[in-house]
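This report concerns the contacts between charged and aromatic side chains. Please view the sequence and the structure together before reading on.

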Amino acid sequence: MYRPSSEELKSVEEWFAEYDALAEQGAIEQLADLAVFPMNLATDVPDGYAAVRQWTRAEYIEAMKEAMGGGTAGLDLESKRTPHFLSRNLVVVETEATMTIEGRQQHMHYADLLVRTEDGWAFQTMVQGGWGYGWPAAKRG
């Protein structure tokens, strides 16, 4: 089992600090710069099965503009992230987050696969339940 150094753990924390700052600003193009495309997505279809797809950079930008609007600033967002290093170049980061909107709390649980590139960490896969409205269910084979 790979055991990351304190510097490697810090590099993931710093990557998320940059990501969070850009998300607050609604800087979708710059968020896309922190990714590797095509990006893999895994979710599930409500009352159904898993659903998977890949997004191009343009599809990611369109989806994030719709999801984030002008950014996350003003939302009371608290995240607890737990990195699970598979190797020095691959880390699955599990996130438990609570967002407060107009006094109502919304809890989220998701994971991201970060891959180390020549330019630093980049996210390549997003996994979160409940996004698959209208997506076809995954099929084996």
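The text below treats salt bridges, then aromatic rings.

This is a predicted model, in which local features need pLDDT of at least 70 and side-chain atom pairs count only at pLDDT 80 or more, while totals for chains, interfaces and linings use all residues. Residues are numbered from 1 along each chain as its sequence is written, and side-chain values use heavy atoms, with hydrogens and water left out.

**Salt bridges**

The structure holds five salt bridges, a term for a side-chain nitrogen of Lys or Arg within 4 Å of a carboxyl oxygen of Asp or Glu. The table includes three of them.

| Pair | Distance, N to O |
|---|---|
| Glu-14 and Lys-10 | 3.7 Å |
| Asp-20 and Arg-81 | 3.0 Å |
| Arg-57 and Asp-33 | 2.8 Å |

Glu-14 and Lys-10 both belong to helix α1 (residues 6–25), where they are four residues apart, about one turn of the helix. Helices (H or I, at least four residues) and strands (E, at least two) are DSSP runs, numbered from the N terminus. Glu-14 has a relative accessible area of 45% and is partly exposed; Lys-10, at 49%, is also partly exposed. Buried means under 20% relative accessible area, exposed over 50%, and partly exposed in between (1.4 Å probe, protein chains only).

Asp-20 and Arg-81 meet in a salt bridge. This pair links distant parts of the chain, with Asp-20 in helix α1 and Arg-81 in strand β3 (residues 76–85), 61 residues apart. Asp-20 is partly exposed at 28% relative accessibility, and Arg-81 is partly exposed at 24%.

Arg-57 and Asp-33 form a further salt bridge. Arg-57 lies in helix α3 (residues 57–68) and Asp-33 in the loop between α2 (28–32) and β1 (35–44), 24 residues apart. Arg-57 is partly exposed at 30%, whereas Asp-33 is exposed at 52%. A network of salt bridges links Glu-29, Asp-33 and Arg-57.

**Aromatic rings**

The whole structure contains ten aromatic pairs. Rings of Phe, Tyr and Trp (its six-membered ring) pair if their centres lie within 6.5 Å; planes under 30 degrees apart count as stacked, over 60 as edge-to-face and the rest as tilted. Tyr-2 and Phe-85 form a tilted pair, 6.2 Å centre to centre with 35 degrees between the planes. Tyr-2 is in the segment before α1 and Phe-85 in strand β3, 83 residues apart. Tyr-2 is partly exposed at 29%, while Phe-85 is buried at 7%.

Ring pairs also join Trp-15, Phe-16, Tyr-19, Phe-37, Trp-55, Tyr-60, Phe-123 and Trp-131 into a cluster.
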